[in-house]
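This report walks through one protein model.

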Amino acid sequence: MLGLLLRILPFWVREPLLIVVGAVFGVRIAYLAVHDEEPVAAGIALVFLVFTAVRVRTVVRALRARRKPEPVDGGGGGDSAGGGDGARGGDRADGRDGVAASAAHRPEPQAAPAAPAAPVAPAVPEKEPNAWGQAVAAVAVFAAIGFALWFGPRILPSEDAAPANGVSCPDLEEEPPSAYRDTPGAVTGDVLCRALNRPDLAGLLGTPGETATAASGDNGTAPLTDGKVAQPEAEVTFDTYTVNVSATYNDLTIAQYVKLLETGGQRDHQPLSVLGRPAVFSSDRTMRISIDLANGASGGPVEQGPLARTLTVALDREDRGGSYDITVWSESGGLPEDGVLLGIAEEVLPAVAGPAG
């Protein structure tokens, strides 16, 4: 079908179409080859670009051929004129004696008046299609198609597309508690999960070769608040690290939280500023709960889990209460550098509530 369509299209539509399609696909595949370091894709991109260069050369040669005027053959007229002169010379030579013999006895005939030549209608030049107009129109139409092919997946992502991070966030079908409706600007676990489950999250963690094994979100409330304080959270798990992001919509400021850390004997806390907002680093042990499914899902004792590093950032620049917590830990007990949490915060938090909170 495509081959038949290309054969039917005029030259000045078909060639710009091939050039635009070849250029768009060639550049796009070359970008993906460089981004993903795929040599096979680089070879395919080279084929598209060479094909496009050949089509461009064809169009340029066609344009140059149209600009050259066709040569006019004038040799036939000269031959006819020469032949006519020779014939007239021969006639004069052959009849010269006869004319001389009878010239004295026969009066000179008068030349008949020449008949007026019939007017010749000027030839109407055949109007040819405007090659430049066709080329510009074709380029405009197929440039729009190329724009849609290039930016379409970014502007309108497909719902059936594979998750960029290996796993997708589950849909939270249950309606959030009333605390979310009573808190202006409160986000849900869905929003946090989509913001955290980034395709470059493994690279931010310093393990670019890993793929997420699980992703989750939750519309919970803060403990000991009788369900009145919204506290959504999301979590993405890799083989090396687990990342958790939560938001707490209470009245506790970062300054008050730092005082609580100092009162509790926290020595490795580090106040700082993130995205123009007050923030603080802290460390604490995670909790580990064992559940024995073989014995009627009986719960075991609560134990201390591995050490976790948390970056707590105020919800807004004025530190009027509430915070985001970004926590990273690993089963091996190892922790990434604090710069890793800063990088995650600078990428994830603007996607949750905007640069200014």
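The model is predicted. In it, helix H2 crosses helix H3 in a left-handed sense. H2 covers residues 11–36 and H3 covers residues 39–67. Their axes lie 8 Å apart, and the packing angle is about 155 degrees. Angles over 145 degrees count as roughly antiparallel. H2 and H3 are therefore roughly antiparallel to each other. Sorted by class, the residues in the contact of H2 with H3 are 21 nonpolar, four polar and three charged.

**The whole chain**

The protein contains eleven helices and seven strands. It has 357 residues, and 32% of them count as buried. Its exposed surface comes to about 23200 Å². Carbon and sulfur atoms supply 58% of that area. Among contacts with a separation of 6 or more, 62% link residues 24 or more positions apart.

**Helix H8**

Helix H8 spans residues 189–196. Six of its eight residues are buried, so H8 is largely enclosed by the rest of the structure. Which residues of H8 are buried? They are Gly189, Asp190, Leu192, Cys193, Ala195 and Leu196. Arginine 194 also belongs to H8. Is arginine 194 buried or exposed? Its relative accessible area is 56%, above the 50% cut-off, so arginine 194 is exposed. Its C-alpha atom is separated by 8.6 Å from that of alanine 234. Along the chain, arginine 194 and alanine 234 are 40 residues apart.

Alanine 308 sits in strand E6. Its relative accessibility is 4%, so alanine 308 counts as buried. Which residues does alanine 308 touch, leaving out those up to four places away in sequence? The list is Ser282, Ser283, Asp284, Thr286, Thr327, Val328, Trp329 and Leu335. Aspartate 284 is 24 residues from alanine 308 along the chain, yet their C-alpha atoms are separated by 5.5 Å.

Proline 336 lies in the loop between E7 and helix H11, which runs over 338–353. At 11% relative accessibility, under the 20% limit, proline 336 is buried. Neighbours within four places in sequence aside, proline 336 is in contact with Tyr241, Val328 and Leu341. Val328 is also among the contacts of alanine 308.

The C-alpha separations are set out below.

| Residue pair | Apart in sequence | C-alpha separation |
|---|---|---|
| Alanine 308 and aspartate 284 | 24 residues | 5.5 Å |
| Arginine 194 and alanine 234 | 40 residues | 8.6 Å |

**Positive phi in two loops**

Most residues other than glycine have a negative phi. Leucine 275 has a positive one, near 55 degrees, and is not a glycine. Where is leucine 275? Its place is in the loop between strand E4 (270–274) and strand E5 (277–292). Leucine 275 is partly exposed, because its relative accessible area of 27% falls between the 20% and 50% cut-offs.

Aspartate 319 is another such residue: its phi is positive, at about 55 degrees, although it is not a glycine. Aspartate 319 is in the loop between strand E6 (298–314) and strand E7 (323–329). Is aspartate 319 buried or exposed? With a relative accessible area of 14%, aspartate 319 is buried.

Technical notes: Residues numbered from 1 in each chain as written. Predicted model: local features only at pLDDT ≥ 70, side-chain atom pairs only at ≥ 80, totals over all residues. Heavy atoms only, no water. Axes fitted to C-alpha atoms, helices over the stretch in contact; angles between N-to-C directions. Helix = DSSP H or I, 4+ residues; strand = E, 2+ residues; numbered from the N terminus. Parallel < 35°, antiparallel > 145°, perpendicular 65-115°, else oblique. Left-handed = near helix turned anticlockwise from the far one by under 90°. Nonpolar A, V, L, I, M, F, W, Y, C, P; charged D, E, K, R; others polar. Buried < 20%, exposed > 50% of the residue type's maximum accessible area, 1.4 Å probe, protein only. Contact = heavy atoms within 4.5 Å. Areas by Shrake-Rupley, 256 points an atom, 1.4 Å probe, with all protein chains shown as cover.
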